[in-house]
Amino acid sequence: MRQDIGLVLLDSDYGYVKTLESELVRRFASRARIQIITDPAYADAYFRSARTINILVADSSFYGPQLEEHTIHHILLLAQEIGIEEEYPENIRRMMKYLPVDEIMQALEQFMEAEETAQREEILPDEKPETKVIAVYSPLGGCGKSLVAMALGRKLKKLDQSVLVIGCDSLQSIAAYLSCEDFADEKLAEQLKEPGEETYWSILQNIGQEEISFLLPFEKTLPSLGIGAAEMRNLISILKEKRDFSCLILDLGSSLDEQTLALMEESDAYVLIIEANTISNRKMRRLQQNMELLPEKECFMISNQYHMDGLRVPQHNLFGVLAGYQDYEAAMEDPVFYRIAMEISR
């Protein structure tokens with residue numbers, strides 16, 4: 001995760017500080033956490049505790065052994081005059097204090113670029129981790145699949161995972177949970193049939209961003225655009241190859257058809273949703289009689305109590321229970337999604 005770069009200006013000459021302050025803020029406020037200290041007493045108290053500072057700009061009168069006790073990556077010492085060259089550590093640069101402000105800013109820019117480069121090298125691994133694919137499925141229509149897909153995505157994002165939710169059912173039901181009313185370009189549908197070099201760029205152009213990222217739904221149904229199992233597998237394959245998202249969440253349809261089974265096979269794990277009512281129980285029994293159709297993947301089975309009619313669900317196979325909330329905003333905050341997200345992120 002990116003850490004803020006700390007830039008501290010230490011000088012008791014308030015008039016001089018004012019000449020630097022506006023330019024410091026203009027150039028670096030969006031890239032660093034700036035702190036200005038002009039009171040010597042506060043400076044003394046500030047450095048009594050161990051400090052880690054990326055860039056320190058200080059009047060040379062403040063330099064002394066006390067600074068060497070802290071972790072400071074770059075120090076710019078501003079002196080009113082520079083006489084015989086003294087020996088300083090390699091991380092220290094001296095400049096005349098009353099040089100034009102631009103020259104001082106140029107020196108700070110070099111320090112800033114060095115810090116930003118060091119951060120990029122630290123947070124970017126040599127190889128991106130493989131993209132995980134999580135399918136959300138139930139044989140029950142209206143049981144909350146899209147809600148679960150969106151809620152799980154939100155929890156994964158809070159765990160610093162980059163998530164993309166993809167609506168894979170014919171009507172792409174995730175659209176009901178989005179505030180935007182944009183649609184994916186139909187040209188993308190054609191490109192997924194015969195992917196080429198431009199296909200990934202087209203995918204990126206059709207990604208929306210609200211609380212989490214999502215592939216924009218098409219205005220027409222997927223079957224009417226000729227998007228079936230092969231096209232969705234092409235989409236997933238391209239995204240997995242690029243590894244720009246740590247997790248893809250597939251909101252599947254409720255039919256156990258060729259496309260659903262193909263996409264479940266593409267997944268690393270799936271969330272299976274049931275309900276605590278008689279109709280759900282009958283449908284789940286039918287599914288259990290055909291368990292050989294389901295892929296042998298890790299399964300997180302949760303019970304949605306919203307349509308509960310008094311039927312008790314056996315607990316031994318359940319990962320968790322989604323309580324009977326009155327609105328979807330509250331339901332999306334249920335702890336069960338955090339627990340699944342933690343398991344997926346391992």
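**Ground rules**

I worked on a predicted model, with local features needing pLDDT of at least 70 and side-chain atom pairs counting only at pLDDT 80 or more, while totals for chains, interfaces and linings use all residues. Residues are numbered from 1 along each chain as its sequence is written, and side-chain values use heavy atoms, with hydrogens and water left out.

**Entry 1**

I looked up the strand order first. Helices (H or I, at least four residues) and strands (E, at least two) are DSSP runs, numbered from the N terminus. I took two strands as paired if DSSP finds at least two bridges between them.

The order is β8-β9-β7-β10-β6-β11-β12-β13, in an open sheet of eight strands with mixed pairing. β8 (207-209) and β13 (320-322) stand at the edges. Each has a single partner strand, so one side of each is left without a neighbour in the sheet.

Strand β6 (residues 132-137) runs parallel to strand β11 (residues 269-275), and four bridges join them. Tyr137 has Leu272 of β11 as its bridge partner.

How many residues of strand β4 are buried? I count a residue as buried under 20% relative accessible area, exposed over 50%, and partly exposed in between (1.4 Å probe, protein chains only). Seven of the nine residues of β4 (residues 71-79) are buried, so the strand is largely enclosed by the rest of the structure.

I checked its partners next. β4 pairs with strand β3 (residues 52-59) in the parallel sense, over seven bridges. Here Asp59 stands opposite Leu78 of β4. β4 also runs parallel to β5, with five bridges between them. In that pairing I found Ile75 opposite Ile92 of β5. A general point for reading such strands: in a regular strand the side chains alternate between the two faces of the sheet.

**Entry 1: cysteines**

I searched for disulfides, meaning a pair of cysteine sulfur atoms within 2.5 Å. The count is zero. Cys247 is in no disulfide, and its nearest cysteine sulfur, that of Cys168, is 13 Å away. Cys247 is buried, at 2% relative accessibility. Cys299 is in no disulfide either; the nearest cysteine sulfur belongs to Cys143, 13 Å away. Cys299 is partly exposed, with a relative accessible area of 34%.

**Entry 2: salt bridges**

My criterion was a side-chain nitrogen of Lys or Arg within 4 Å of a carboxyl oxygen of Asp or Glu. The structure holds 17 salt bridges. I looked at several of them.

Asp11 pairs with Lys97, with the closest N and O atoms 2.9 Å apart. Asp11 lies in the loop between β1 (5-10) and α1 (14-28), and Lys97 in the loop between β5 (92-96) and α3 (101-123), so the pair ties together parts that are 86 residues apart in sequence. Buried or exposed? Asp11 is buried at 3% relative accessible area, and Lys97 is buried at 2%.

Arg243 meets Glu130 at 3.9 Å, N to O. Arg243 sits in the loop between α7 (229-242) and β10 (247-251), and Glu130 in the loop between α3 and β6, so this pair ties together parts 113 residues apart in sequence. Arg243 is partly exposed at 24%. Glu130 is exposed at 60%.

Lys193 and Glu190 form a salt bridge at 3.1 Å, N to O. Both lie in helix α5 (residues 186-193), three residues apart, about one turn of the helix. Lys193 is partly exposed at 32%, and Glu190 is partly exposed at 49%.

I also noted a network of salt bridges that links Arg154, Lys155, Lys158, Glu211 and Glu333.

**Entry 3: helix α1**

I checked the length of α1.

Where does α1 bend? It bends by about 30° at Leu20. I took the bend at a residue as the angle between axes fitted to the seven residues ending there and the seven starting there. Leu20 is also one of the buried residues of α1, which include Tyr16, Val17, Glu23, Leu24 and Phe28.
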